Amino acid sequence: MEVRNATGPPPSPAPPSSKQPRPPPNPVDSTSVSQRLQKELMSLMMSGNVGVSAFPEGENIFSWVGTIVGVKGTPYEGLSYKLSLRFPLDYPFKPPQVKFETACFHPNVDQYGHICLDILQDMWSSAYDCRTVLLSIQSLLGEPNVESPLNSYAASLWSNQEDYKKIVRKHHAQGADVLES
């Protein structure tokens, strides 16, 4: 028979087994995400950046409508594009889902409006904000990555800027605000 000292420390628990389930991750604090998005909205409104804007869609701070105007000297000059921005609950640790709602003929935009841009995928950083995303997409319009296109036809035409511009204008006029779902 073993005698234990009642005043001694309790026996230490066994180390966790790798087969035991892990505790669930901390729940997302949507209040802090909402506060960050409110700050980004104010910052974007006060920034004075020409050609980019975004606002929450109705009362939902996680769903925004953005607008980008094509930069002077590009085939997109003066054209206005509507975008949808959907912020995940774990924003800014995950990027927003952004897509063109206005038809956009571009090497890095597919027929559904999805955008191939590194900062919206594997190069995302929590230091980025909505303004950074919009400015990056605006810049992408004039400087596409033709080596990694979503629209190979647009990429093949990029080198002939005169013809490319005609197609961009025609595509924008025919498909403004109408994309395949």
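Contact here means heavy atoms within 4.5 Å. This is a predicted model, where local features need pLDDT of at least 70 and side-chain atom pairs count only at pLDDT 80 or more, while totals for chains, interfaces and linings use all residues. Residues are numbered from 1 along each chain as its sequence is written, and side-chain values use heavy atoms, with hydrogens and water left out.

**View 1. C116, the residue with the UniProt label.** The unreviewed UniProt entry lists C116 as "active site"; its positions are in the numbering used here, feature names are shortened, and annotations may be inferred rather than shown by experiment. Look for C116 in the loop between strand 4 (97-100) and helix 2 (130-142). Helices (H or I, at least four residues) and strands (E, at least two) are DSSP runs, numbered from the N terminus. Setting aside residues up to four places away in sequence, C116 touches N108, Q121, L140, S148 and L150. C116 counts as partly exposed because its relative accessibility is 23%, and the cut-offs are under 20% relative accessible area for buried, over 50% for exposed, and partly exposed in between (1.4 Å probe, protein chains only).

**View 2. The whole chain, for orientation.** Four helices and four strands make up the set of elements, and along the sequence they run α-β-β-β-β-α-α-α. Of the chain's 181 residues, 34% count as buried. Among contacts with a separation of 6 or more, 57% come from residues 24 or more positions apart.

**View 3. The largest nonpolar core.** A nonpolar core is a set of buried Ala, Val, Leu, Ile, Met, Phe, Trp, Tyr and Cys residues joined through side-chain atoms within 4.5 Å. The largest one has 38 residues, and W64, F100, I115, L134 and I137 have the most contacts inside it. Elements giving two or more residues to this core include helix 1 (30-47), strand 2 (60-69) and helix 4 (161-175). Helix 2 supplies the largest share, six residues. In soluble globular proteins, nonpolar side chains tend to be buried together. Zoom in on I115 and, leaving aside neighbours within four places in sequence, its contacts include L83, V98, F100, I137 and L150.

**View 4. D129 and the R36–E40 pair.** D129 sits in the loop between strand 4 and helix 2. Beyond four places in sequence, D129 touches R36, E40 and Y91. A salt bridge is a side-chain nitrogen of Lys or Arg within 4 Å of a carboxyl oxygen of Asp or Glu. D129 is buried but has no salt bridge, and the nearest side chain of opposite charge, R131, is 4.8 Å away; Lys and Arg count as positive and Asp and Glu as negative, with His and the chain ends not counted. E40 does form a salt bridge with R36, with the closest N and O atoms 2.7 Å apart. The two are four residues apart in helix 1, so about one helical turn separates E40 and R36. E40 is buried at 7% relative accessible area, whereas R36 is partly exposed at 24%.

**View 5. The other salt bridges.** The count by this rule comes to three. E57 forms one with R86, the closest N and O atoms being 3.5 Å apart. This pair links distant parts of the chain, with E57 in strand 1 and R86 in strand 3, 29 residues apart. E57 is partly exposed at 38% relative accessible area, and R86 is partly exposed at 34%. E162 and K166 also meet in a salt bridge (4.0 Å, N to O). Both lie in helix 4, four residues apart, about one turn of the helix, and both E162 and K166 are exposed.
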